[in-house]
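We will take a short walk, one selection at a time.

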Amino acid sequence: MKMKAILFKKKGEYSLEEVPVPGLESKEVLIKVNSCGICGTDVHIYEGNFPANFPLIPGHEFSGIIEDKGKDVKNLKIGDHVTVNPNLPCGKCDQCRVGNENLCIDLLNLGVRLNGGFAEYVKAKNSLVYKLPDEVDLESASLTEPLSCCIHGIDLAQIKPGECVLVTGCGPIGLLMIQLAKICGAAKIVATDPIEKRRKLALSLGADLSLNPNDVNIQEAIGNFLPGKPEVVVECVGKSSTQEESIRLVRPGGRVIWFGVANPDDEIKINPYYVYKNEITIKGSFVNPYTTKRAVRLLSEKRIRLKELISHRFSLGDFDKAMMTHMKDPDRIKVVVKP
């Protein structure tokens, strides 16, 4: 049996192919893909800036319906609507054995090291699959993975009720962070992005002020709006300039979360005395340990608005247009491929 899939053959080269539908082992399920979001990681893989196993079917943000299952899968049934945590830790290394599965030294990822969701069907171990409540629509559920990653970042930020938060970058991740910061009880949320459409959406999703960093002095504008600097800065851009700036924008004793994915070769200048004297905490946030179930709960309780983040929808046959939209359209928010 054959299926259509996007195959990344090597750096800078992909095509729509007919490939075999994956066979199942006893603890795996076969998922008919409904929606799969394009992530910056997919672009980095295509450009050769992110380690991946070629040839590869990419796509790690997806949802769908169980089409078939292995004989030892007891917790799921054919016809279930599901989403997937794409990260499979080894369970044996030192990091896994102390509960840091996201830092596993041999972490396998659907869409990165294993075939993913830009296909009509994808297989996954049943331990990675989460059944969706009836009230959660499949298209929104394709964003469960980025939402679960954001929950981890918010956990690390330790936002307390009444604190002020700055979110730099209002792409899909920044817009999720704004909503989560609101849930945590942030008193004021400031968002920055050069694109007007994103700034407006940030305001509708919970930000109290949105700024264009190209038009205003961010530090001065924030100082005029907040009672001092924010306690938390969540950097969702992934550029050395905004990461460097994030340290200067947080108040003494505050926390900075670097969530945006920087180029592996980037470096920044940090004044260690400034960090020391002001007791600034800087944390990186990587993927989604133990947060997928919480993401599904937030979706089922309608505490997070995801549908508004999806700005473009394409078929597998229009994957070229989908990639170009993601990379070059300044008005895009989230691009979803629907096999």
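The stops below go through helices, the contacts between them and a few loop residues.

**Before we set off**

This is a predicted model, in which local features need pLDDT of at least 70, side-chain atom pairs count only at pLDDT 80 or more, and totals for chains, interfaces and linings use all residues. Residues are numbered from 1 along each chain as its sequence is written, and side-chain values use heavy atoms, with hydrogens and water left out.

Helices (H or I, at least four residues) and strands (E, at least two) are DSSP runs, numbered from the N terminus.

**Stop 1: helices α4 and α5**

Select residues 144-157, which form helix α4, and then residues 172-183, which form α5. How do the axes of α4 and α5 cross? They come within 9 Å and cross at roughly 55°. Here the axes are lines fitted to C-alpha atoms, for helices over the stretch in contact, with angles from 0 to 180 degrees between N-to-C directions. The two helices α4 and α5 are therefore oblique to each other. On this scale, angles under 35 degrees are roughly parallel, over 145 roughly antiparallel, 65 to 115 roughly perpendicular, and the rest oblique.

Now show side chains. From α4, the contact (heavy atoms within 4.5 Å) is made by Pro 146, Leu 147, Cys 150, Ile 151, Gly 153 and Ile 154. From α5, it is made by Ile 173, Leu 176, Met 177, Leu 180 and Ala 181. The residues of this contact between α4 and α5 divide into ten nonpolar, one polar and no charged. In this grouping, Ala, Val, Leu, Ile, Met, Phe, Trp, Tyr, Cys and Pro count as nonpolar, Asp, Glu, Lys and Arg as charged, and the others, Gly among them, as polar.

**Stop 2: α4 meets α10**

The axes of α4 and α10 come within 8 Å and cross at roughly 110°. That makes α4 roughly perpendicular to α10. On the α4 side, look for Thr 144, Leu 147, Ser 148, Ile 151 and Asp 155. On the α10 side, the contact uses Thr 292, Arg 294, Ala 295, Val 296, Leu 298 and Leu 299. The residues of this contact of α4 with α10 divide into six nonpolar, three polar and two charged.

Which residues of α10 are buried? They are Thr 292, Ala 295, Val 296, Leu 298, Leu 299 and Ser 300. Buried means under 20% relative accessible area, exposed over 50% and partly exposed in between, with a 1.4 Å probe and protein chains only. Among the elements covering the buried residues of α10 are β5 (81-84), β9 (129-131) and α3 (138-141), along with α4 and α5.

**Stop 3**

Most residues other than glycine have a negative phi, and most peptide bonds are trans. Select Lys 302, which follows α10 and has a positive phi near 55°. At 59% relative accessibility, Lys 302 counts as exposed.

Next pick Gln 158, in the loop between α4 and β10 (164-168). Gln 158 has a positive phi of about 55° although it is not a glycine. At 46% relative accessibility, Gln 158 counts as partly exposed.

**Stop 4: a cis peptide bond**

Move to the loop between α1 (40-47) and β4 (61-69), where Pro 55 sits. The peptide bond from Phe 54 to Pro 55 is cis, with omega near -10°.

**Stop 5: helix α6**

Select residues 196-204 for helix α6, where the buried residues are Arg 198, Arg 199, Leu 201 and Ala 202. Looking down the axis of α6, these buried residues fall within an arc of 165°, so they line one face of the helix; the arc is that of the directions from the helix axis to the C-beta atoms. Their cover includes α5, β11 (188-192) and β12 (209-211).

**Stop 6: two buried loop residues**

Gly 171 is in the loop between β10 and α5 and counts as buried, at 12% relative accessibility. Leaving aside neighbours within four places in sequence, Gly 171 is in contact with Asp 193 and Arg 198.

Finish at Ser 142, in the loop between α3 and α4. Ser 142 is buried, with a relative accessible area of 1%.
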